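Subject: Structure handover

Hi,

Here is the structure I promised to pass on to you. Have a look at it first, and then read on for what turned up.

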Amino acid sequence: MIYDKRDLQLIAHNPNDSSNPEEIERFLKDLPWRLRIIKPKKYIEIKTFLYACDKIRPVGYSSVGDKHDFWEFTLVVKGCALELSDGKKHLLTEGMMVAHKPMEFHKTYQQGDAELEFMVASFELVGEDVDFFADKIFNLLPSQVSLFKTAAQALSKYYSGYGSEKNLQKGISIFEGLLCDLVISAETDCEKRTDPRYLEIVGVLNRNYEKKLTLSELSQKCNMSISLMKKIFAQNSDCGIMTYFSKIKIRRATELLDQGYGAEETARMLSYSSYEYFIYCFKRETGMTPLKYLKKEN
C-alpha cells in the first residue's frame, strides 16, 4: 500500500482510526526514518504589535521621554544618539540597537554633527527568553540590521494604514526571528568565548585601561606571542585587540566625565599621548568631542 504525506499525518495523529492497524504498524517499522510530528515551542513570541516607525531628527534633537507597559526596540540607522534609560546612559552609533523593557523611562538625544535616523518597533512579548533583552545594547550584524529594517518597514506600513494583514504577519515573523537569532548568538558567543587564553587577554586589557599598553607589553603580560594573541582574538571577537582596548578606554572616559572630571584631566588619567589624540579617539567612538559630550550632559 502506498501512503502519501496526508496519510502519514493522519496515521501519526490518529493511529487507531485505520481499518488495518497491524499493516500500518509494520509499514512504519520498516521506514528508513522515524516519523515525527514536531510542534515547535516558541521561546519568544510577539503577542501584540503596538507601533513601528522610521524617524529622522535634526542636530540638537531630544525626545520628551517616555514610559510604557510594553517592550520598545530602537535601532540607530545613521548618526549617533545618547540614550537615557532609568538613569543609565548609552551611546548608540550606526547599527546599534537598544531594548527598553516595560515601565522603563527612556529619552533620546541626538549627538554629533549629523542628523539622527532611527527606527522604532514596540510589542507586547511573551516567552521564557523575554527577560534576556532587559538592559541590553546590541551591535547588530549587517544581516540583522537588514532584518530589523525589513520588519519595521512592513509593520510601519500596516500601522500607517497603507499595508494589509500580510504586512503585519511578515513584520512579526521577521522580528521574532531576529530576536531568536540574538538569543542564539549570545548563547553561541558564551560557548565560544570560554577559551581561557582569550579571557586572560581581555582581563589584562580591562585591568590596564589607564595605561599606554602596546601589543608587545600585552604579549609579555599574557605570556603569549603577538601572532598567537591576534589569532585567539580573531576567533573570539568581532574586532582587533587594540580596537577592543580603545573601546574600553573610551567607555571608562565617559564614566570619568560623568563623575565630574574635565576632558583634559580624563585624557591624562587614561594615559593618552596628547589631548588632541584623546579627542580624536573619543569622537571616533562616540560621534562627538568630549566637550560636546559634557555639554549634552549638562
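This is a predicted model: local features need pLDDT of at least 70, side-chain atom pairs count only at pLDDT 80 or more; totals for chains, interfaces and linings use all residues.

S3 (residues 80-85) pairs with S4 in the antiparallel sense, over six bridges. Within this pairing, Ala81 stands opposite Leu92 of S4.

The overall picture

Stepping back, the protein has eleven helices and eight strands. Of its 298 residues, 39% are buried. If you take the contacts between residues at least 6 apart in sequence, 70% of them join residues at least 24 apart.

As a general point, nonpolar side chains in soluble globular proteins tend to be buried together. Here the largest nonpolar core holds 31 residues, and those touching the most other members are Phe73, Met97, Phe123, Leu125, Phe133, Phe148 and Phe175. Two or more residues come from each of the strands S1 (45-57), S2 (71-78), S5 (96-100) and S7 (116-126), and also from each of the helices H3 (142-159) and H4 (165-192). H4 gives the most to this core, eight residues.

What does Leu125 contact, leaving aside its neighbours within four places in sequence? Its partners are Ile44, Glu45, Ile46, Trp71, Phe73, Val130 and Leu179. There is also a second, separate core of 16 residues, which includes Ile250, Leu257, Tyr272 and Phe282.

Two helix pairs

A packed pair is described by the angle between the axes and the distance between them.

The axes of H8 (residues 241-258) and H10 (residues 275-286) come within 10 Å and cross at roughly 95°. H8 is therefore roughly perpendicular to H10. On the H8 side, the residues in contact are Ser246, Lys247, Ile250, Ala253, Thr254 and Leu257, and they meet Phe278, Cys281, Phe282, Arg284, Glu285 and Thr286 of H10. Sorted by class, this contact has six nonpolar, three polar and three charged residues. Ile250, Leu257 and Phe282 from this contact are also among the members of the second core.

The other pair is H5 (residues 196-207) and H7 (residues 226-236), which pack at an angle of about 100° with their axes 9 Å apart. These two helices are therefore roughly perpendicular to each other. From H5, Arg197, Tyr198, Ile201, Val202 and Leu205 meet Leu228, Met229, Ile232, Phe233 and Asn236 of H7. The class count for the contact of H5 with H7 is eight nonpolar, one polar and one charged.

Best wishes

Definitions and conventions. Residues are numbered from 1 along each chain as its sequence is written. Side-chain values use heavy atoms; hydrogens and water are left out. A nonpolar core is a set of buried Ala, Val, Leu, Ile, Met, Phe, Trp, Tyr and Cys residues joined through side-chain atoms within 4.5 Å. Buried means under 20% relative accessible area, exposed over 50%, partly exposed in between (1.4 Å probe, protein chains only). Helices (H or I, at least four residues) and strands (E, at least two) are DSSP runs, numbered from the N terminus. Contact means heavy atoms within 4.5 Å. Axes are lines fitted to C-alpha atoms, for helices over the stretch in contact, and angles run from 0 to 180 degrees between N-to-C directions. Angles under 35 degrees count as roughly parallel, over 145 as roughly antiparallel, 65 to 115 as roughly perpendicular and the rest as oblique. Ala, Val, Leu, Ile, Met, Phe, Trp, Tyr, Cys and Pro count as nonpolar, Asp, Glu, Lys and Arg as charged, and the others, Gly among them, as polar. Two strands pair if DSSP finds at least two bridges between them.
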